[in-house]
Amino acid sequence: MDSVLKKKIGQMIMTGIPGENVSEEFAFICREYSIGNFCISAENASSLENLCDLNSKLRKITHENTGIYPFISIDQEGGWVTRFYEGAAMLPGEMSYAASGADGDKMERLWAILGSSLRALGCNMNNAPVLDVNSDPENPIIGTRSFGDDPHRVAELGCGEVRGLARGGVIGVVKHFPGHGNVRGDTHLSVSKNISDEETFRKNDLLPFKRAFDLGAGALMTAHVTYETFGDEPATVSKEIMTDLLRGELKFEGVAITDSMNMNAMLDPYPDGEGAIRAIEAGCDILLYYPMNHKIFMSAINAIYAAVESGRLSEGRIEESYRRIIAVKERFAIAKADPDPTLARAYIHDEKLIGEILSDKLASVTCLKGAQTLSCLADERILCVSPVCDALRGVEESRRKILSFADEFAKSFEDSRACVSSTLGMTDNVRDAINGEYSMAVVGVFDARGAQGQLEIIKAIREKGKKVIAVLLRSPYDFEFVRECDAVICCYEYTPLAVEATVSAMKNNEYNGKLPINI
């Protein structure tokens, strides 16, 4: 295979970066396979200086090898899907902003600042906003990452984010096309299915994406989800969705990036690189391998090379994606997007902006039940029980930071005791605490649907005749499991920002959030 074609295929690849720096081994892989694009993890973003340095090296290696600067993307959605946590880069999540009453103009202004911050860090692409309409309460992977269950509201706020990122010089990657909200499965684990009829699908799932495409969104990320109205293949490998619907009907001219090809939804049905070939055949432009898994990546790249050499993938098909990729890179002038640590620091450590973000989070904290009970907290001797959150982002991050709502609560309420629980259920330390002296309990609940053992704690406290305030640390959909409690609060995500805001709201008895979904 000639080197020019190899470089064009390299532009169709995006990988994670193992470790905090560019190792000699990874640099060799980048050069050998002309890798054209990268995706940042929390492990890579341990500090502002480290991220700027890493991105400078990635740009240098890629440009020296290919003559083209790379897309450097990051999952900076806000809330519990956040890679870079410093200062004003740590935003509330999408459902939080919906609960706070934000509109499209507000999101555009904030995300223009976020875009400018990311570009100064050397990240020219953000894998956000999430345009999934979370219409199924049992969805395990989207939930509060979505603005809610109203497609028009999702479109308004999401398009505001797209406009803002573009103002900041960053490509917004709208996801997960054509909609991951109406499913009950996690595509990290297996293929999920959307069973909506075509009319419902178009009015609900598809509407926010159509609005974003009409706006000129530069990129999208696919969903490894099958749609009953479009056959039995996941969208990522469906030509009917990725070409006929996306390019033919919706006239999308930007770059189509797959969700991670490492997920079981791709690996199980399409092993040995077959998924990579099918995604390209379907119409995808960039294949995402995140986190970087050498075995999976090599299987895919060798399968692509073999498919081109055999004629299964034509050079014309490679050229089609290559031209789209280059067009978006030129449109957003990523050749000029060198990291600027001084400028990044000015944005990210702007105290006024940090204060505004905390105020936004405070405005989202929602009382679902029991306002009168909540007004009496200052007069009570309180036991606060909660699990810790040991990952500020989700399952695939290796960097951990322990966060305890109970401990933070106890710092603000003098006559209170903190007790760390387990999402698995009752433990000896919790049992001892429940048998102690207190007049009311505050119980933090994290993902009750998936970890119902936590509910044993609430039951045991209520059996002692004590009042219970449940604090939903992630999902308002968990209300169905705690509706018998005397009061229920929701803060939409378990992050340091959310914990600080929730404790403050409880201290001041101010709950200004309005639930943006039906429960």
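Asp-447 sits in the loop that runs between β16 (440-445) and α19 (455-463). In this model, which is predicted, Asp-447 is not a glycine and yet has a positive phi of about 60 degrees. With a relative accessibility of 30%, Asp-447 counts as partly exposed, because that class covers values between the buried limit of under 20% and the exposed limit of over 50%.

Asp-272 belongs to the loop between α10 (264-267) and α11 (274-282), and its relative accessible area of 65% makes Asp-272 exposed.

As background to these two residues and to the bonds described next, most residues other than glycine have a negative phi, and most peptide bonds are trans.

Turning to the peptide bonds, Ala-128 and Pro-129 are joined by a cis bond whose omega is about 10 degrees, and Pro-129 is placed in the loop between β4 (125-126) and α6 (151-167). A cis bond also leads from Tyr-290 to Pro-291, with omega near -10 degrees, and Pro-291 lies in the loop that separates β10 (287-289) from α12 (294-310).

| Peptide bond | Omega |
|---|---|
| Ala-128 to Pro-129, cis | about 10 degrees |
| Tyr-290 to Pro-291, cis | near -10 degrees |

Key:
Residues numbered from 1 in each chain as written. Predicted model: local features only at pLDDT ≥ 70, side-chain atom pairs only at ≥ 80, totals over all residues. Heavy atoms only, no water. Helix = DSSP H or I, 4+ residues; strand = E, 2+ residues; numbered from the N terminus. Buried < 20%, exposed > 50% of the residue type's maximum accessible area, 1.4 Å probe, protein only.
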